[in-house]
Protein chains: 4
Amino acid sequence: MVKVTVWNEFLHEKEHEEVKAVYPDGIHNALAEGIRSEGIEVQTATLEEPEHGLTEEKLNNTDVLIWWGHMGHDRVDDAIVERVHQRVMDGMGLIVLHSGHFSKIFKKLMGTGCDLKWREAGEKERIWTVNPAHPIAAGIPEYVTIDHEEMYGEHFDIPAPDELVFVSWFEGGEVFRSGCTFFRGQGKIFYFRPGHETHPTYYHPQVLQIIQNGVKWAAPSQAGKPVRGNHQPLEPIKGQA
Amino acid sequence: MVKVTVWNEFLHEKEHEEVKAVYPDGIHNALAEGIRSEGIEVQTATLEEPEHGLTEEKLNNTDVLIWWGHMGHDRVDDAIVERVHQRVMDGMGLIVLHSGHFSKIFKKLMGTGCDLKWREAGEKERIWTVNPAHPIAAGIPEYVTIDHEEMYGEHFDIPAPDELVFVSWFEGGEVFRSGCTFFRGQGKIFYFRPGHETHPTYYHPQVLQIIQNGVKWAAPSQAGKPVRGNHQPLEPIKGQA
Amino acid sequence: MVKVTVWNEFLHEKEHEEVKAVYPDGIHNALAEGIRSEGIEVQTATLEEPEHGLTEEKLNNTDVLIWWGHMGHDRVDDAIVERVHQRVMDGMGLIVLHSGHFSKIFKKLMGTGCDLKWREAGEKERIWTVNPAHPIAAGIPEYVTIDHEEMYGEHFDIPAPDELVFVSWFEGGEVFRSGCTFFRGQGKIFYFRPGHETHPTYYHPQVLQIIQNGVKWAAPSQAGKPVRGNHQPLEPIKGQA
Amino acid sequence: MVKVTVWNEFLHEKEHEEVKAVYPDGIHNALAEGIRSEGIEVQTATLEEPEHGLTEEKLNNTDVLIWWGHMGHDRVDDAIVERVHQRVMDGMGLIVLHSGHFSKIFKKLMGTGCDLKWREAGEKERIWTVNPAHPIAAGIPEYVTIDHEEMYGEHFDIPAPDELVFVSWFEGGEVFRSGCTFFRGQGKIFYFRPGHETHPTYYHPQVLQIIQNGVKWAAPSQAGKPVRGNHQPLEPIKGQA
């Protein structure tokens, strides 16, 4: 059983009627509903809860954290960012969605500016699979169409992903590396592009399938924890005075 | 249930008493015994069987093929190499062990010479985990010791692996990229270094654990099969006479 | 001074009036003319010359080989393919253009099927830079427009490139990894997509700039040649009977 | 002409007689002396200068910054770290040496803990070339021996390097990814392991050759600067109300 926590800043849905109409219970609950399944157990957390809902206890019981944020990036407390970062270093999976590209935690993990092009024109997106052998592409056809989405375009200022799984085409002339994986510390990170708050993208069955696949891929591998610091030689040191 | 076929040329064990003493039923049966477990079903195949034991039917019922060869590389029929290659392109996993680095199938998949340094001195090897987040490292400590092994050293003439999981240290002064993954076509390939025929390496519990992890990682992802060839435009083509 | 040989099968230009109109002296001469510059010296070779113009002497005097082929892939002699492959292993750079994706040499170096989608509709292509730090992108803006080109689409069945430099957008709805680098043996390989024979793509200044950059990047590094085979220990072997 | 600035915290050399004996004018001056050559122009900067010697003007006139730090990591001002980070994002090359793995700038660029094993036993190190085609390996034999160095061992907690060029073997039983490149923003980063302050490593001709090669590789590519933010469609947006 993989334990997932879906974190959402949950601000747009309270403030903008247009967004509330699409996600009346918040993006986090739509996502939780959409990915809950055999082998995946889901809870949620939001910005305005104490400690943003990300207490030590909750994170210690989270195998994979999903992150959606946008207008409230600056309101996320640095101490919580540090805590999430440490958990990723210790093996927790992290899935960063859409505008989460500018979240403190994603920028800290990437080490780059994470900027990109964008346009809100509700245009057509095609998400092409470029690594069909990857487990995150399991069951996904050669492309997924989203009829109306916000455009994100290159250059996306991230490190070259360890694995590039999806590349998006946009009607207005841009491309975007939409599905990117990163190994960091003992954790696995999956960035997945779609999900503007005014579009019903998180009800799209293939988008949900990809996120479920991402959850399974990012779950901790239970590897032996590396030992660091000062060490005795494993072999006798020869040739010294 | 992952269906594994262990292929072994099975020549040394018949011809050399020293090898027969270590693997009386052949390397393939030692490996089959060692990795058979809940969720992993294993059969074997050898060089001197008709079609080297790799009939179309058998390969079509194989999720992951494990390959051990050495003195008989040249005796493997090109048509069978082609058949295995096609199955990897279609999604079958492939685990190439030790001297399999010089097999026809591995060289064809890599596109390079696949040469390396070697020395038969029964020296100590330490296999260090350099990507502890990788599923193939699950449950493996920071290093695994093999007391007596053949040395393999750099430069190992392969493409840079898509993921480097293990690096070996040898007593005599060399290093080697010992655990390497490659995505090719829709298939996943894992090269794992240890296993000289005169040493009981395939009874080593952590070596077997790594191969089991490799089997789970390399099993097909059931991704949608890409469509190729000549295509109609998805969007109306504009701007043409 | 980097010594370049441009190889072209030079068949379309003799057989098809439409192509001859665009490249009256052949694609090879257009390319040679377009990239010859300070520090880059260029000669040509074609399929119907003896040994396809790729004698041992000529290859030994080539730092970077550029390859354009299409309808004549099968007419390239296996022995010459082997010779070019060996030179790449020994450090010669190789730039494969457009339909060269299906050449024997490229398939041999990649180890995969190298298939892709295609459509001849003379549609618009935008080549986006996704790695602006890469030397092959030097002086290239964030995207290059080609007004009329053949479409190539994913899934492009190659190994994940060591470095992904460009991704193309096509009017009809596809994306393509258009600028890909691969380290193989001691050689460096650059695959670059554009250049259908019916379009004047190899007169496009930015396309030529990218190929020139590719030549400089792919030129041999003069690294020390690795030594392989059986080796004596660098350190005394301890712990043996 | 590539303009290099060698930055050194310059503390050990003032405080420890043992270090002063090896580097009487400081590590920065030994390095500057060692890499200055045709095409490479070198200046220095140290921690205790105003703004650590890294004024805006100086950084704007630096193509490649070399960083050596150890006991004074915490004394580096966050504002200067931010300034260096921004310059790397804008295309300045960065070479981080030895104990610089724990510098603020390297940790910020990597996004991980950057921890490792270590042992001060003056033991033998062999630096093996694993990517002989890489320009940083130009002119370097298959391995470089350093007779006495501090050991650094895996797991080294960094992102998988974009290119792995060197792997070290240590007498006492460890391996280490010693030569690692990273593309970040428009900048190129090279981490190179050797150089403990008590050993004369920065007088070693092959160590200096590798750093010179790194300088040439990391120098800015003069790529077009990507444009980001809100964008107009390149193509007419169709299908909207």
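How are H3(B) and H7(B) oriented to each other: roughly parallel or roughly perpendicular? The legends below start there; please keep in mind that this is a predicted model.

**View 1. Helices H3 and H7 of chain B pack against each other at about 75 degrees.** Here we look at helix H3, residues 27–35 of chain B, where it meets helix H7, residues 205–218 of the chain. Their axes lie 9 Å apart. Angles from 65 to 115 degrees count as roughly perpendicular, and H3(B) and H7(B) are therefore roughly perpendicular to each other. On the H3(B) side, the residues making the contact are Leu31(B), Gly34(B) and Ile35(B). H7(B) brings Leu208(B), Ile211(B), Gln212(B) and Val215(B).

**View 2. In chain D, helices H3 and H7 cross at roughly 75 degrees.** The pair to find is H3 (residues 27–35) and H7 (residues 205–218) of chain D, whose axes come within 9 Å. Look for Leu31(D), Gly34(D) and Ile35(D) from H3(D), which meet Leu208(D), Ile211(D), Gln212(D) and Val215(D) from H7(D). The contact of H3(D) with H7(D) holds 5 nonpolar residues, 2 polar residues and no charged ones.

**View 3. Lys108(B) sits in helix H6 of chain B.** That helix covers residues 104–110. With a relative accessibility of 31%, Lys108(B) counts as partly exposed. Leaving aside residues up to four places away in sequence, what does Lys108(B) touch? Its partners are Val81(B), Glu82(B), His85(B) and, from chain C, Gly111(C). Val81(B) is 27 residues away along the chain, and its C-alpha atom is 8.6 Å from that of Lys108(B). For Glu82(B), there is a polar contact to show: its side chain meets the side chain of Lys108(B) at 3.4 Å.

**View 4. Chain A superposes on chain D by a rotation of 180 degrees.** The shift along the rotation axis is 0.0 Å, and the RMSD of the superposition is 0.0 Å. The two copies are thus related as by a two-fold rotation axis. Which residue of chain A has the C-alpha nearest the axis? It is Gly111(A), at 2.6 Å from the axis. The interface residues of chain A are also interface residues in chain D in 100% of cases, so the copies meet through the same surface.

Notes. Residues numbered from 1 in each chain as written. Chains lettered and ligands numbered in written order. Predicted model: local features only at pLDDT ≥ 70, side-chain atom pairs only at ≥ 80, totals over all residues. Heavy atoms only, no water. Axes fitted to C-alpha atoms, helices over the stretch in contact; angles between N-to-C directions. Helix = DSSP H or I, 4+ residues; strand = E, 2+ residues; numbered from the N terminus. Parallel < 35°, antiparallel > 145°, perpendicular 65-115°, else oblique. Contact = heavy atoms within 4.5 Å. Nonpolar A, V, L, I, M, F, W, Y, C, P; charged D, E, K, R; others polar. Buried < 20%, exposed > 50% of the residue type's maximum accessible area, 1.4 Å probe, protein only. Polar contact = N/O pair within 3.5 Å; in protein donor to acceptor, adjacent residues only side chain to side chain. Least-squares fit on C-alpha atoms with pLDDT ≥ 70 in both.
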